[in-house]
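Thanks for coming, everyone. Please put the sequence and the structure on the screen. I'll be quick.

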Amino acid sequence: MKISLNNDWLFSKDGKTFEKVRLPHANALIDYNYVNEKDYQFVSVYKRTLFADASWAGKTVIMRFEGVAHLSTLFINETEVASHYCGYSAFEVSIAEYLNVGQDNEIKLVVDSRESSNVPPFGNVIDYLTYGGIYREVSLEIKEKSYVKDAFLIGYAEKEPYNFEAEIEVENAEDEMEISCALYQNGKMIFEHRQNANEREFFAQVENALLWSLDEPNLCKAEIALLQNGREIDRKSVTFGFRTVKVTKNGVALNGEVIKLFGLNRHQSYSYVGYAMPKRQQEADARKLKYELGVNAVRTSHYMQSEHFLNECDRIGLLVFEEIPGWQHIGDEAWQAHTIENVKDMVLQHRNHPSIFLWGVRINESQDCDELYEKTNAVAHEKDKSRQTSGVRFISNSHLLEDVYAYNDFIEIKALPRTAKKKKITKTDKPFLVSEFNGHMFPTKSFDDEAHRTKQALKHASMVDSYLTDENKAGGFAWCAFDYNTHGEFGAGDKICYHGVCDVFRNNKLAGDFYASQRDGEPFLSVSSNMDKGDYAASLFQENYAFTNCDSVKLYVNGNFVNEFYPDKSTFPALKHAPILIDDYIGDTLANTEKLKRKSAVAAKKILKHISKNGHNNLPLGIQLLALGIMLREKMSFERLYKLLSKYVITWGSNGSVFRFAGVKDGKEVVSVVKESVSEVSLEIDCDCTELTDGDCYDVALCRLKAVDKHGNVLPYNFDAVNLIAKGSIEIIGASTVTLRGGTGGVYVKTVSKGKGELCLTHRNKTYSVQFDVK
Ligand code: GAL
């Protein structure tokens, strides 16, 4: 029997005054930015009453904490029971002996969220906030004395029938006990096996198993029953997958097919509540990565992440590189002992997830430390022989004890940087992947000007292209998916690292649109410029790119076709959908309207292109000669030519022009983006779910907000306030006024009870309403 213990907790910051709270709980709600890190760094107390039913007498009672930041000590009826020393791993405590059955018992957890403790990741600076509180769920399981404690199931996918290995641990197994292990897919039993409960392992072959892959992530459910004289006394369900996965030189071989890793790093933090976000939003992040950003892999930088997030990665087919907590610093012997423990816990707790393909067993970006890393590597291999290990370094020629060299590539500062060649970084023959790039090399805010935002997108495109082209790289993970709160030593001074391809509310920046454009399926088109040249120094317009999965983009100005543009395959040869440079806004107008001879029209266009990028001072000789050619050919004075060209330079992009960019797929226009001077502003509200649940746990929906023009374009310099009122069964997390930043923002609403709820949003004197149904 499993019981959730997420409701009815009492929480105190000082051990004296308590308030009622529900889990997941943040020990402090922090501000959006300019956070004071001290706000969450203290020791707090969580208490609750637990009635131990008389039927629990003589049974095993296991209390499970999914995640508490960071040190916790459990007391039951004032007796100290256990402590846990990691803010990112789950922990279980067997508590039967401390409970008074048939009575109320006091459960108390003292939680130390200070960053001064001698456990990973603490000991030096860290580029992310570490938050505090019982930030994941808590549950209780009541079992017999003998029960199935753990099960590790490995389904391989080399050839049918598929090899299957199971390692099942029964606590207090007795001689006459048996275990049965039945495998189910799509509700049908595909395999069954029985053996004595004392035998830990068995090997078998399974026919007709559906494999787990990125496109068809078939899961397999194992039902493991413990039988005593034929009677079931315990049962454990485990979800796993049949797949064979191995990082190779050129990609990840998944069931024999080599796939280049195309990934992003993810921090598990959210505005206001830090880590304390329940199931729906954890799952939403996985879906955002796969379906909106189109990546095939994620790195859980820099710690073990929520079971909900990993479960969703399993369900949707997203590869996961998971790692232990730590950031550059390696502490003393006691600290290192925790690191070894963390590796063990990570592997034991998550090894059934088919999405996890690689264990990170080094402290992110630490120096070599063979003594420690021999142990962490050995522990991971001992607890899971089916997966490889890696560890992320920023140093070259580091001593590689693991199976894969993972390297954070922050070298080139060029406009279009490329990843370093493997042989420059390591001499090893083992596989190599790029675990981070970009990030602090080019922080970008949603409200940066469009030239800056375009550059960020192009840098991602270039780095991705460089690892995709390289047959000595298994792939890469960009830094990073979402902007995140950080410490004063990092970020933009406002305690935010604007390194995401999305903002903190998971709204795409242009770099996010670059990732989205690599997906196949629904047509996608994002145009980097709003066509307002006044946004540029000296009105010199820079480059305008389309990020799209279409074959080409056609441009129409004021309804007239101008030109068709194609993916820039020469700059980005390996990208599935290379960015498209849009650099002609004149087309044949000079020939058609101005009646210039074809040769003169071509020359005039070159001159205009030059002027709009570089201005008309100091024209280079080549351009001057082109002008001279036109004057001679057309018998035109310099004055007339100047007037004619000025008309196109000056009117270009001015009020009144309507630019329509049409994405073309298989010869048809399938999607379009229209840009013109803004005449109307409205608020676009995109709530990820309006049917929520409340019961064992509260639920949270994210409403992403955008100020848009009448064509749906985000208005990048909109900083309007949106006033929020929640009614009925929902509540707003954080402030009741949010500011759009760069035209985007968001609000999280949480359930407080079952029933109807309403979120009213007022923006520019207009009120919008979103109805929620909480079941
Ligand atoms: C890396 C580090 C990340 C993040 C990133 C920013 O060095 O591993 O956690 O700080 O830099 O670019």
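This is a predicted model: local features need pLDDT of at least 70, side-chain atom pairs count only at pLDDT 80 or more; totals for chains, interfaces and linings use all residues.

Ligand first. How many residues surround the ligand? The count is 13, and the closest are D127, H302, W327, E365 and H440. By class, the shell holds four nonpolar residues, six polar and three charged.

Now the polar distances. D127 puts a polar side-chain atom 2.4 Å from an oxygen atom of the ligand. For E365, a polar side-chain atom sits 2.5 Å from a ligand oxygen. E436 has one at 2.8 Å, again from an oxygen atom of the ligand. And the cover? On its own, the ligand has 310 Å² of accessible area, and the protein covers 94% of that.

H302 is among the closest residues to the ligand. What kind of peptide bond joins S301 and H302? That bond is cis, with omega at about -10°. H302 itself lies in a loop, between β24 (297-300) and α2 (307-316).

There is another cis bond to look at. L23 and P24 are joined by a cis peptide bond, with omega about -5°. P24 is placed in the loop between β3 (19-21) and β4 (43-52). For context, most peptide bonds are trans.

Next, S386. Find S386 in the loop that runs between α4 (370-383) and β27 (388-393). Is S386 buried or exposed? Its relative accessibility is 17%, under the 20% cut-off, so S386 counts as buried. The side chain of S386 has a polar contact with the side chain of D384, at 2.7 Å. Leaving out residues up to four places away in sequence, S386 touches F152, I154, Y156 and V245.

Last topic: phi angles. Most residues other than glycine have a negative phi. Here are two with positive values.

Take K495. Phi of K495 is near 65°. K495 is in the loop between β31 (484-485) and β32 (496-497). With a relative accessible area of 16%, K495 is buried.

Then M531. Phi of M531 is also near 65°, a positive value in a residue other than glycine. Where is M531? Look in the loop between β33 (525-527) and β34 (544-548). M531 has 2% relative accessibility, so M531 counts as buried.

To recap the site: D127, E365 and E436 each bring a polar side-chain atom to an oxygen atom of the ligand. The S301 to H302 bond is cis. That's my tour.

Notes:
Residues are numbered from 1 along each chain as its sequence is written. Side-chain values use heavy atoms; hydrogens and water are left out. A residue is near a molecule or strand if one of its heavy atoms lies within 4 Å of it. A polar contact is a pair of N or O atoms within 3.5 Å; within protein, one must be able to donate a hydrogen and the other to accept it, and residues adjacent in sequence count only if both atoms are side-chain atoms. Accessible areas come from the Shrake-Rupley method with a 1.4 Å probe; for residues, only the protein chains shown count as cover. Ala, Val, Leu, Ile, Met, Phe, Trp, Tyr, Cys and Pro count as nonpolar, Asp, Glu, Lys and Arg as charged, and the others, Gly among them, as polar. Helices (H or I, at least four residues) and strands (E, at least two) are DSSP runs, numbered from the N terminus. Buried means under 20% relative accessible area, exposed over 50%, partly exposed in between (1.4 Å probe, protein chains only). Contact means heavy atoms within 4.5 Å.
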